[in-house]
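Dear colleague,

Please find below the structure that I am handing over to you.

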Amino acid sequence: LLGKLRWEDCLSPGVHGPFFPRILRRRKGKREFGKTITHIVAKVMTTEMIKDLSSDTLLQQHDDLDLALDNCYSGDTVIIFPGEYQAANLALLTDDIIIKGVGKREEIMITSEPSRDSFVVSKADNVKLMHLSLIQQGTVDGIVVVESGHMTLENCILKCEGTGVCVLTGATLTITDSEITGAQGAGVELYPGSTAILERNEIHHCNNLRTSDSSKSTLGGVNMKVLPAPKLKMTNNHIYSNKGYGVSILQPTEQFFIVTEEALNKRAASGDKKDDKMLFKVMQNLNLEMNNNKIEANVKGDIRIVTS
């Protein structure tokens, strides 16, 4: 078993790897009668709260988010009204559901349970979280971990206390119009062979690790681990005020170099041009697409490609 321990498992600031125990949950799939249900999570429900739903919508009302998630089958939607909630079942997402808040995202607060290792963990083909605030308290795992399948985060606030968003090998993540802050390490961490699309997000004040480990001190906004290379598309994101780099790319080779956006624009010496070509080649091989991102005020710099 020790021989199967991969280099990327050792380097993670989180707790992912072959020795970390996972609670398994069987996928329910569709209901026997084929209908989907909309679960309303609120202390009380009024007709005004559901006036925008179609007349044939099947409803279940819960005052507990955990209970709503426990009653979900693939295709269901969970609608959460303003309040503060906890749900252990967020760490057991195996069915294709939508979880969305109604109202201001700051007012729909979901906090983790400090006694548990994990907060939000998805193994479903398609899970979507919308208009929510995830507030991590005490859990050591990533605030959101995509173990397999595809997760979408839309218009969410992620206030991290442990590690940030982790996308494991073979999994896919899409984040749009969201804010990630406070992670103990990178705000978004991509494992080898993962895929992520980031659009119009703010990733800031991450890498609050107190460590002398130089490999961890480089982590900041987004960290990529290669072999096989993950795929990353970043458009119109603002990555700023992180203690490490804005974007760090970790590869297991002997070469080591640092490149910032300013340096890319101003270098003129022939040796610098060679480094520019190397960076361009590495980014091509990584399937890294970056357009109109604002990367600034990160303590270490904007972009780093570094060896393990």
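Strand E14 and strand E17 (residues 195–199) pair in the parallel sense over 5 bridges; two strands are taken as paired if DSSP finds at least two bridges between them. Within this pairing, threonine 176 stands opposite glutamate 199 in E17. Strand E11 (residues 150–154) also runs parallel to E14, and 5 bridges join the two. There, threonine 176 of E14 is the bridge partner of glutamate 154. Of the 5 residues of strand E14 (residues 172–176), 4 are buried, so the strand is largely enclosed by the rest of the structure. Buried means under 20% relative accessible area, exposed over 50%, and partly exposed in between (1.4 Å probe, protein chains only).

The model is a predicted one, in which local features need pLDDT of at least 70 and side-chain atom pairs count only at pLDDT 80 or more, while totals for chains, interfaces and linings use all residues. Residues are numbered from 1 along each chain as its sequence is written, and side-chain values use heavy atoms, with hydrogens and water left out.

The wider sheet

These strands belong to an open sheet of 10 strands with parallel pairing, in the order E2-E1-E3-E5-E8-E11-E14-E17-E20-E24. Strand E2 (59–62) and strand E24 (288–291) are its edge strands, each pairing on one side only. On average, neighbouring strands of the sheet are turned by 10° against each other, direction ignored; the axes are lines fitted to C-alpha atoms, and angles run from 0 to 180 degrees between N-to-C directions. Strand E5 (residues 98–101) and strand E8 (residues 126–130) run parallel and are joined by 3 bridges. Isoleucine 98 stands opposite lysine 128 in E8.

The chain as a whole

The chain has 5 helices and 26 strands, where helices (H or I, at least four residues) and strands (E, at least two) are DSSP runs numbered from the N terminus. Of its 308 residues, 50% are buried. Among contacts with a separation of 6 or more, 64% are between residues 24 or more positions apart; contact means heavy atoms within 4.5 Å. The chain exposes about 14,500 Å², and carbon and sulfur atoms supply 50% of it. Accessible areas come from the Shrake-Rupley method with a 1.4 Å probe.

Confidence

The mean pLDDT of the chain is 82, and 77% of its residues reach 70 or more; pLDDT is the predictor's confidence in each residue, from 0 to 100. Over residues 1–15 the pLDDT stays under 50, and the model has 37 contacts beyond four places in sequence for this stretch. The pLDDT is also below 50 over residues 17–21, which have 10 contacts in the model beyond near neighbours in sequence. Where pLDDT is low, the predicted coordinates should not be read in detail.

Individual residues

Aspartate 66 is found in helix H2 (residues 65–70). A polar atom of its side chain lies 3.1 Å from the backbone nitrogen of alanine 88. Not counting residues up to four places away in sequence, aspartate 66 touches Gln86, Ala87, Ala88 and Asn89. Its C-alpha atom is 7.8 Å from that of leucine 90, which is 24 residues apart from it in sequence.

Glutamine 136 lies in the loop between strand E9 (133–135) and strand E10 (144–146). With a relative accessible area of 3%, glutamine 136 is buried. Its side chain is joined to that of threonine 139 by a polar contact of 3.0 Å. A polar contact is a pair of N or O atoms within 3.5 Å; within protein, one must be able to donate a hydrogen and the other to accept it, and residues adjacent in sequence count only if both atoms are side-chain atoms. Beyond four places in sequence, the contacts of glutamine 136 include Ser112, Phe119, Lys159 and Cys160.

Threonine 181 lies in strand E15 (residues 179–181) and is buried, with a relative accessible area of 15%. The side chain of threonine 181 reaches the backbone oxygen of histidine 204 at 3.0 Å. Among its contacts beyond four places in sequence are Leu158, Lys159, Cys160 and His204.

Valine 247, in strand E22 (residues 245–251), counts as buried at 0% relative accessibility. Its C-alpha atom is separated by 4.7 Å from that of valine 222, 25 residues apart along the chain. Leaving aside neighbours within four places in sequence, valine 247 is in contact with residues including Val222, Met234, Ile239 and Met290.

Yours sincerely
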